[in-house]
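Work through the two exercises below with the sequence and the 3D view side by side, trying each task before reading its solution.

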Amino acid sequence: VHVRDISGNGLPDVVVGNKKGSFVFQHSKRNVTEQVWLSAQPQRTDRKKFELYDGDRIVLLGDSMIEGMAKNGCFEAALMVRWPNRKFSVLNFGRTGDGVFGQGRSRSGNPEEGYRRRHDMINKIKPSMIVLAYGSNESHKGEAGLGHFINGYKRLIGDLSKTGARFVIVSPPAYVPTVKEGPDSVLRSTDLLLYSDAISRI
C-alpha cells in the first residue's frame with residue numbers, strides 16, 4: 001500500500017497491489033449543489049432489519065461471488081459472532097455464470113431448464129431464508145438489458161416466495177478498475193450502479 005499524490009491535485013491517493021493487479025484510488029473533491037450532497041447521504045430504509053432466528057435454514061443463491069463464499073466461511077462466522085446462541089444452517093448454491101434466468105445451471109443450453117432445476121432444488125430444501133445476489137453478470141448488457149433483468153428478478157422472487165422463506169437481496173459488488181484500464185472502467189461502474197439502484201427498488 002502506498003499513499004501519495006499521484007494526480008497532482010494536492011490530495012493523497014492510495015495505491016494497492018495484489019495477485020489481480022495494481023489498483024489506484026484517486027482522492028478528488030468537487031463543488032456540488034445541496035441537492036446532490038443530500039442525495040449522497042445515507043438514507044433510512046423502511047425495510048425489515050436482518051434477523052436470524054433459531055433453526056433458520058439459509059440458502060445462498062448467486063453467481064461467482066456467492067460461490068466463492070464457500071471457500072472461507074466468513075459469512076457463517078459473522079452470523080455466529082452476532083447470534084452465538086442460535087442454531088442455523090447455511091447451504092451455498094452459488095454458481096459461476098449463473099443469473100436470474102438460470103443460464104448458469106442449464107445442461108441442455110436452455111436457460112429455462114436451468115431455472116426449473118434451481119427452483120425444484122430450493123423447494124426440496126425448504127429454506128426459511130434465501131439470500132439472492134444477482135446482477136453482476138447481467139449488468140454487462142447495460143441500460144438496454146435492465147428491464148429484462150428486473151422482470152426476471154421479480155419472477156424469480158415470486159416463484160421462490162412460495163417456499164415461505166424470508167428474502168435478503170444483495171446488490172452487485174462495486175467494480176475496482178486497474179491502473180491499465182481507461183474509460184471502459186467508468187462505464188462498467190456506471191452499469192453496476194444502475195443495476196444496484198434498480199435492485200434496491202424491487
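**Exercise 1.** Find which residues of helix α4 are buried, and work out how they are arranged around the helix.

*Solution.* In α4, the buried residues (under 20% relative accessible area, with a 1.4 Å probe and protein chains only) are G114, Y115, R118, H119, I122 and I125. Viewed down the axis of α4, these buried residues fall within an arc of 135°, taken from the directions from the helix axis to the C-beta atoms, so they line one face of the helix. The next step is to see what this face meets: the buried residues of α4 pack against β4 (56–62), β5 (88–92), β6 (129–133) and α5 (146–160).

The model is predicted, so local features need pLDDT of at least 70 and side-chain atom pairs count only at pLDDT 80 or more, while totals for chains, interfaces and linings use all residues. Residues are numbered from 1 along each chain as its sequence is written, and side-chain values use heavy atoms, leaving out hydrogens and water.

**Exercise 2.** Identify which residues have the most contacts inside the largest nonpolar core, and which elements supply it.

*Solution.* A nonpolar core is a set of buried Ala, Val, Leu, Ile, Met, Phe, Trp, Tyr and Cys residues joined through side-chain atoms within 4.5 Å. The largest one has 20 residues, and L61, L132, Y134, F149, Y153 and L156 have the most contacts inside it. At least two residues of this core come from each of β4, α4, β6, α5 and α6 (183–200), and the largest share, 7 residues, comes from α5.

Definitions and conventions:
Buried < 20%, exposed > 50% of the residue type's maximum accessible area, 1.4 Å probe, protein only. Helix = DSSP H or I, 4+ residues; strand = E, 2+ residues; numbered from the N terminus. Contact = heavy atoms within 4.5 Å.
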